[in-house]
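Here are a few notes to read alongside the coordinates, in the order I would go through them myself.

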Amino acid sequence: MASNITGNVMLKHQDITVERLEKFLSDTYFVRENLYGKLISLKSSEAVKVKVSPKVESLVSYKDAIQLEYKDTKIGESFGPSWSNYWFKVTIDVPSDWKDKTIHFIWNSSCEGLIWMNGIAIQGLTGGTWQDLREEYKLIENSKGGEHFEFFVEVSCNGMFGVGKDGLINPCDPDRTFELTKAEIRVKNKDANELYTYLQMLYDIGKNFPKESLRKKQAIWIANDIINKCNVNDSSTFPTCISMAKEFFSQKNGDSQTKIWAVGHCHIDLCWLWSFEKTKEKCARSFSTQLLYMDYYPQFKFTQSQAQAYQWTKENYPELYERIKEKVITGQFIPTGGTWVEMDGNLPSGESFIRQFLLGQNYFKKEFGKQCTEFFLPDTFGYSAQLPQVIRHMGIENFITQKLSWNNLNKFPHSTFIWEGIDGSTVLTHFPPADTYNSQADVKEIVMSSTNNKDIDRCNESMLLYGNGDGGGGPTIPMLERLSILKDTDGIPKVEFSTPAEFFSRLQPHRSKLNKWVGELYFELHRGTYTSQATTKRGNRLCEIELHATEMLLSYCELFVGTNFKAPNLSKLWELVLLCQFHDALPGSSIKVCYDDILKHHQQVLAECKNIITQCMKHITSSLLTIDHLPTDNVPHSEFVLAFNANDFEITRVIEIPKSTKDIQAQYINAVQTSYNGLPLGTVTLPPNGFSAINISTTGDNRTINRVPQYPVTAEQKQLNGDILIENQFIRMTIGSNGRIKSLIEKSTDREVIKEGGSLGNRLIIFEDTNLFWDAWDQEIFSLEKPLSILEGSCKIIENGPLRCVVQIHYDSKALPSGNGSLNQTIVVHFNSARIDFETNVNWHEAHKLLRVDFDTNIRAKNANYEIQFGHIERPTHYNTSWDFARFEVVGHKWADLSEYDFGMALLNDCKYGYSTLGGRIGLSLLRSPKSPDDTCDMGSHKFTYSIYPHRGSLQSASVIKEGYALNNNFYISEIPFSLASATHVHKTFISTNKEAVIVDTIKKAEDGNSFIVRIYESHGGATTFNFISSILPIPFKSIIECNGLEEVNESSKSYNFNDTIKIKPFEIKTFRFISN
């Protein structure tokens, strides 16, 4: 008998023994002789019959699916093409001699699938061969033998990570097919599988623990002893071996051991290498699986963020959604995050950040009875320095992420810390030390949760986010088995199934000991996401602006145009914009079909906003006489249009004069200036957040639109060298014949902005733009080492004052590396501003190239300022340290400003985000051309404007912030002129403040419909006081109550009268309820 044979005592050959253990568990080597080969006791493919439907569209209902025609199919057949769906009808007859067995159904169609039984989504399936494989469903326990089953499997012809051609992030292969490789039933050898789980964990210890670790040595010894005692052909040896393993894992830790709070999680990218539509299926597969596992493991708790994912499930899988709600009540299914989607952390506006939480928290409260207590954003490409205040303003105090573990230069120094924003707000923050949000819950990552905890001396607790993700799925049975075993094993951190809220409650007592990080959490990777997919970024900026204006006009109309006015609900439009701000959508890192969808969403939002604004302007026009009691009889009349300014600044702008219905000829004859396309130009000044009735007549005493400016702007082209000199009362600029700025004098200081002997201004450069792997994501520093060409243009003056001068520049396409495409600019200088606009049209057809513009200035400053949400931050203009060097490309919104004492220059834009400043050179990334995952990224036509604004004084005193708003926001002008008395003066501000620093960012109807919401912020970075102002009398509000961003009022909320003086701190956001009379 083998049991009477005694082998040699094991020698100390650790590495060889670990490899022996590896081979004993291998699914490739020695399978007939090792334990892996004994995991299955019985299997039968003959017991399973499969029929298949025709190809169908996504999201076919179960009711419709079962009515489809089905035909026989078999193992080895393939299905496609990419993104198509099929339904399989599965019939199983359990062999009669499989009594008292637990039967598992095995399905692998090399793609994703979902099991349906009696109209209920039961469990998701993930085919293929990756570690994300999920091919097993427990059909029945304690079989009586001879059972008959009929059910359906819905499959989607895509892998967990889409259908990339010959690589994960490559562009989609539209013709992929997927083979059905398994359709069978199995009976597992229970003891063999249990022993296999223990040996896997012993292997992890032996493989990954330090060489001198006592537990490593003990694990290797016990594993080796188990192999020696295990006869894989005699299952009666398995229980003894299991007992040996259990003895090892039952040895307890001391009280000082780290505690790991295991949070089950399923990271679902709402789009990435698949479309929004396919994500709806991923949600159903993932959620149904986790609900099933909750029944298997009552201690298991699963966390899921993103209200949008829940909403899609509610709409498309109502029965599944009701089961989710049941598990929320029992405390196993945990909504988290508080936002509509896991959005990008850099690019959305401040108000978009607010709306992510407002819509998300309201959804969770409505559907599940409570709001989330933590912000959950594990996978985005940097975190704005204004996020801590936004998080707190939205009723949350805790934050979870981990993406900075990907930094490619500097390692972030903390795991648990206090994050402080630009206003001083703080949130308790945790980076799970396993450096992943897709942990496999194996020994290696559990131990890493302790050994990589950078704050373990202060707080011996950490979170483990485990479960397959990105493409969904969530925790697996092996993960849950390992965590159940490893609750308290000597040498391994203690583990407990937990939730984010429970985890943060354990951190709170340690808060006073934690370090603080002040300012942005800059991500040292994926800098190209500030620029990729330019059309999407432009669409996002426009949608944010138009929704802002639409809400303000609707609020005005609801207050003043009469009881018949009914404001439409804009929530659905906001939901579309917020969805498109998902962290793989707005940054530009998804496949083409996603951007086709996003373009449609943005176009829908813009079209509906335009229609609403048009209707509002008509309502306001109709109510003008009633509001102002204007004279109508026996006085001269003129034609007017209504013009609305949604900026919180008074703005003067040169516009094309709206066409008269009475005397168009006079408009052309009397125009102060005609545009290069032949239209009469005039000047209009509009009040902040308000409107004016603009007299468009160009004759008579009351004409204002065509008055000649006191200080005109002029242009002159020199004959000798082709240089163009443009001058107004603020600047004197010389444009070289090639389109670059040779000189720019700020006249009040007589300072030259452009560096003498430098590389001039408006230098358009094309760089090689290759990277190390993540094509659409990454813009690396070495790209800036390899400029390929500097564009040369030819210039001519096409408008020459007095209101504006316009220089047209045509750039030679020969400088484009592809030789294909075009780039044309008009440089515009107005009589009333030092701002110089570069209106740019590009037809772009490059590959792995970067188009940038830079300005080499005389300004000497150690730091530059960049606008972010509700404020701005400083960043260095040097590369002193690796932390400085890492920020060679940074995020800015509407402007960046480079200033020394009392003098500077701002670089502004209307849809770009990627800035860089080194010394006195400031630049802006304009276009990229990555080829994966979308090989058409940024190909085609683009229209954008960037501007420079030289100024005396600081950015605050020089109104740089105002210029940023003015560049980005056009006036809204009614389409059809109307008649009023010529002397009419209608010039009304709705709601503003008496301080330029305090900006009214939002005016909207409250979510509950009971009042109006006004949101303001301090923009200069200094404490001050302010008053609200309005020129609409009598003031239509009886009181003002301060609230949080969720529009909630509590016992500590302050109440004000409209004229009261209010204090505000630097960069503070304040939200008020305005209670109407």
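1. Let me begin with the second largest cavity, whose lining divides into two nonpolar, seven polar and four charged residues. This is a predicted model. The space amounts to about 70 Å³, and 13 residues line it, with E112, T126, R285, S286 and G473 nearest its centre. Helix 6 (276-296) and strand 8 (120-126) each supply at least two lining residues, and helix 6 gives the most, with four.

2. How many cavities of 30 Å³ or more does the structure hold? There are nine.

3. Which of them gives the most? Helix 14 does, with five residues. By class, the lining of the largest cavity has ten nonpolar, nine polar and eight charged residues.

4. In an unreviewed entry, UniProt places the feature "domain: Glycoside hydrolase family 38 central" at residues 524-602. The model shows this span as 59% helix and 0% strand, and the C-alpha atoms at its ends lie 30 Å apart.

5. Next, have a look at strand 18 (residues 416-420). Five of its five residues are buried. Both faces are covered: T416, I418 and E420 are buried on one side, and F417 and W419 on the other.

6. What does strand 18 pair with? It runs antiparallel to strand 19 (residues 426-430), joined by five bridges, and parallel to strand 22 (residues 516-518), joined by three bridges. Strands 18 and 19 form a hairpin with five residues between them, and G424 in the turn has a positive phi of about 100°.

7. Finally, there is an open sheet of five strands in the order 28-29-30-31-32, with antiparallel pairing. Its edges are strand 28 (714-717) and strand 32 (751-752), each of which pairs on one side only. Within the sheet, four bridges link strand 29 (residues 724-727) to strand 30 (residues 731-735) in the antiparallel sense, and I726 stands opposite M733 in strand 30.

Note on methods. Residues numbered from 1 in each chain as written. Predicted model: local features only at pLDDT ≥ 70, side-chain atom pairs only at ≥ 80, totals over all residues. Heavy atoms only, no water. Pairing = 2+ DSSP bridges. UniProt positions renumbered as here; feature names shortened; annotations may be inferred. Buried < 20%, exposed > 50% of the residue type's maximum accessible area, 1.4 Å probe, protein only. 1 Å grid on protein atoms, 1.4 Å probe; cavity = no way out; pocket = protein on both sides within 12 Å on 5 of 7 lines; lining within 4 Å. Points joined across faces, edges and corners; volume = space filled by probe spheres on them. Nonpolar A, V, L, I, M, F, W, Y, C, P; charged D, E, K, R; others polar.
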